[in-house]
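Subject: Structure handover

Hello,

Here is the structure we talked about handing over. Please open it alongside this email.

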Amino acid sequence: MDRKIEKAGVIGAGVMGATIAAQLANVGIETTLLDIVLPELGEDDKKKGLTRESKAFRNKLSQKGLEGALTSKPASFYVPENAKRITIGNMEDDLEKLKEVDWIIEVVVERLDIKQKVFETLETVLTPGTIITSNTSGIPCKAMCEGRSEEFRKHFAITHFFNPPRYMKLLELVPGPDTLPEVVDTLAECCDKVVGKGIVYAKDTPNFVANRIGTFSMFAVMKTMMELGLSIEAVDKLTGPVVGNPKSASFRTADLVGLDTLLHVADNVYEGAPDDEQRDMFKAPDFVSKMLENKLLGEKTRQGFYKKSKDSEGKRVILSLDYTTMEHTPQEKVQLGSLQAAQNVSGTGEKIKSLFYAKDKAGEFTFKTLSETLIYSANRIPEIADDIVNVDNAMKWGFARKLGPFETWDAIGVGKSVEKMKAAGYEIPAWVEEMLASGKESFYKKENGVLYYYDIFAKDYKPVPLTPAIILLPSLKDQGKEVAANTGASLIDIGDGVACLEFHAKMNAIGEDIIAMIHQAADKVTEEFDGLIIANHGTNFSVGANLAMVLFAAQEEEWDDLDWSIRALQDALMKLKYLKKPVVAAPAGMALGGGCEICMAADRVRFAAESYIGLVEVGVGVIPAGGGTKELLLRNTEHLFEVPKGGIYPKQIEMMPFIARAFETIAMAKVATSGPEAVKIGYLRPTDRMTVNRDYLMQDAKNTVLAMNLEGYVPPRPKDEIRVPGSNTLAMIKLALWTMHESGYITDHDVTVSTKVGHVLCGGEVLADTKVTEQYLLDLEREAFLSLCGDPNTQARMQHMLTTGKPLRN
């Protein structure tokens, strides 16, 4: 089956169904979203004059689902316009539309009888070869296929998305007993490269991989918490970022998921896995059963393990549940010595190791919960997955953890931890003992840039499966491909004449080291390579300038040094812009301030779908001064002065609407919440392209460089006749700012900063239609930045950002 999935159908327009449809639409798959017709008219329907035959009534559930996806937070659509790729309907009138689709996803309620009925209905309209999958979180594939035709069974599988589908990388792919291998391959190819998911191949067992281990871990946490008398909030401190988990940790996550959902998943294992050696762990503790009785389900009932409230002064507070009294009480201040020590240790693995071997209550908690989870994970192979790689990926991608169970075990030391577990009375899985006895001391090892994992069947190491289309910079460094490096950045040969400029500073903040490497990379690429990509594996591409260094220089009044630093950044980015070889930036995560300016200096941008791009400098009281203000001016106005085919240069054009757009973008510090939105705002160009699965981003960027050379790359010429609107337009901006100030919308300092933005965009106090150079505009940027750095209000904003991580709201 060599086919491309271009059209899909989603059955069930609840939260999950609608948001899966949204993600399919995001990546260009035309999607039909269907749900049932409600049995009777509601009072609101009658007031609208609807009848049972009205489309608005018959499509009510699918319409509601689509509207919910459009208003969801975080956003389900990259841009709202993507919703146009979704066609709504109902299961009675629109089944025939499913004849045209390549893939149908069932996302109805988690009841086997209802799913079987849906599949029976679908089979009446299926075109031969159509793939059908279920998004079930735990119902066996074999059970859902009972009574279905051979054709249906051959094209049926489970594709378990995690919520929210746009953001969670994991997709568990579970074939049924009769699923054709080519169906699995088609689904894997589409979900990986098109939909942007990380594929974990799971067995048809209760709750598959992530939820099986994740639920066990959650119940082990609750059991140990009660044994040691720890509070809800203490446990969340111990199971949050300090051990590589999200801030929501254990109980906040449970509130988000919903206690009823958590217990339903646990019941799946208890009922469906009678031979599980830890089956009793999946029985809810008494206090959790009481929570269920009292409707303490979490977010959906506005109270669960936590509850939002107000104190005696009317301030918002978050209370935590005292599980001994079943009352919500003020949170205690968590003071655990080993926790505080671990927080000061560098690296997630080292933090976990510090806690695992600690002697206090926090150490005992970590030792017990982690030991039980690691042993349970090891005992599940090959029951739920064939290897440790799929298990580790499931836990990282499904729960946003930095390390999977076996990576964690390596971090704490397998041999040493096993001895400690044995001394505590734990039974170690036989294959782990066998691995250690054979002299193999870790589950993973790296040799010559290749990562290997221990395979329990081969009883030896095998290379971790990798597609050739994934570039891993650490592996290339291990192979001696690093061309140049300093503390903040490296230049790496990624093959085929292309180099990669990698940032690896903290948060990839731009300091002197990164600026120096940009200059060095430009020189090296000019002489030795055919092109350059700018990319890294960090959480964020770059959060912008090193704010602490800027503030220090301003407070010490080291104006010459600060002027030199800004000029060095401007020169570096101009060097990139006019390099004789193609430059492609590949942002992912945050590309803010200077990070955005780097992207704007590149010939092309190959952006990850989840790129959050923006010029945010006004939030700390300055303006973009690495060329960002200049570039936004150009992107909003240069099309106005393109010479037509006749060769007659345009006469003076009213630039104000276009200047206003650029001004609003900078002055409001707009940040795109997706790559496509960055194109819409104007930070990126329509010619820039998206990669949905970040794993392929660097290869796609490299391919863009190769394609540009294949087409015959010609570097751009410096712009020395940029037409600016001058003082008249600047006067209109000042008037608008005065009006907003008088109305109480902005502060004195906001006026000061915004006026500087307008000053640069208008080209300063010059006549309308004056022609200036890029360097002229860069000088205006730098002068504005320096003058604002001397303002005490700006320094206060910078200090607040550094202290709180949030912009100061006046």
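This is a predicted model: local features need pLDDT of at least 70, side-chain atom pairs count only at pLDDT 80 or more; totals for chains, interfaces and linings use all residues.

Residues are numbered from 1 along each chain as its sequence is written, and side-chain values use heavy atoms, with hydrogens and water left out.

**Cores**

First, the term. A nonpolar core is a set of buried Ala, Val, Leu, Ile, Met, Phe, Trp, Tyr and Cys residues joined through side-chain atoms within 4.5 Å. Buried means under 20% relative accessible area, exposed over 50%, and partly exposed in between (1.4 Å probe, protein chains only).

The largest nonpolar core has 107 residues. Phe251, Phe287, Phe305, Phe406, Trp409 and Phe443 touch the most other members. Helix H9 (residues 210-228) gives this core its largest share, 10 residues. Helices (H or I, at least four residues) and strands (E, at least two) are DSSP runs, numbered from the N terminus.

Contact means heavy atoms within 4.5 Å. Leaving aside neighbours within four places in sequence, Trp409 is in contact with Leu374, Ile375, Ala378, Val414, Ser417, Val418, Met421, Val432 and Phe443.

**Cavity**

How many cavities of 30 Å³ or more does a search of the whole structure find? The search finds 1. The largest cavity has a volume of about 60 Å³. A cavity here is a set of points, on a 1 Å grid over the protein atoms alone, where a 1.4 Å probe fits but cannot get out; lining residues have an atom within 4 Å of a point. Grid points are joined across faces, edges and corners, and a volume is the space filled by probe spheres set on the points.

The lining of the largest cavity is made of Gln570, Leu573, Met574, Lys577, Glu597, Ala601, Gly626, Gly627, Lys630, Glu631 and Leu778. Helix H24 (559-577), helix H25 (594-601) and helix H26 (628-637) each supply at least two of the lining residues. H24 has the largest share, with 4 residues. By type, the lining divides into 4 nonpolar, 3 polar and 4 charged residues. Ala, Val, Leu, Ile, Met, Phe, Trp, Tyr, Cys and Pro count as nonpolar, Asp, Glu, Lys and Arg as charged, and the others, Gly among them, as polar.

**Cysteines**

The structure holds 0 disulfides (a disulfide is a pair of cysteine sulfur atoms within 2.5 Å). Cys789 is in no disulfide, and the nearest cysteine sulfur, that of Cys596, is 19 Å away. Cys789 is buried, because its relative accessible area is 0%. Cys762 is also buried, with a relative accessible area of 0%.

**Backbone**

Most residues other than glycine have a negative phi, and most peptide bonds are trans. Some places here depart from that.

- The peptide bond from Asn163 to Pro164 is cis, with omega near -5°. Pro164 sits in the loop between strand E6 (156-161) and strand E7 (170-175).
- Ile381 and Pro382 are joined by a cis peptide bond, with omega about 10°. Pro382 is in the loop between helix H16 (361-379) and helix H17 (388-399).
- Asn508 is not a glycine, yet has a positive phi of about 55°. Asn508 lies in the loop between strand E17 (498-503) and helix H22 (512-528). Asn508 is buried, at 4% relative accessible area.
- Ala669 has a positive phi near 50°. Ala669 is in the loop between helix H27 (656-667) and helix H28 (675-681).

Is Phe208 buried or exposed? Phe208 counts as buried, because its relative accessibility is 0%. Phe208 is found in the loop between strand E8 (198-201) and H9. Beyond its neighbours within four places in sequence, Phe208 has contacts including Thr136, Ile158, His160, Glu172 and Ile384.

Ser217 lies in helix H9. At 12% relative accessibility, Ser217 counts as buried. Not counting residues up to four places away in sequence, Ser217 touches Thr373 and Arg401.

Gly531 is in strand E18 (residues 531-534). Gly531 is buried, at 0% relative accessibility. Leaving aside neighbours within four places in sequence, Gly531 is in contact with Gly497, Val498, Ala499, Val525, Lys581, Pro582 and Val705.

Best wishes

Methods
On a 1 Å grid over the protein atoms alone, a cavity is a set of points where a 1.4 Å probe fits but cannot get out, and a pocket is an open set with protein on both sides within 12 Å along at least five of seven lines; lining residues have an atom within 4 Å of a point.
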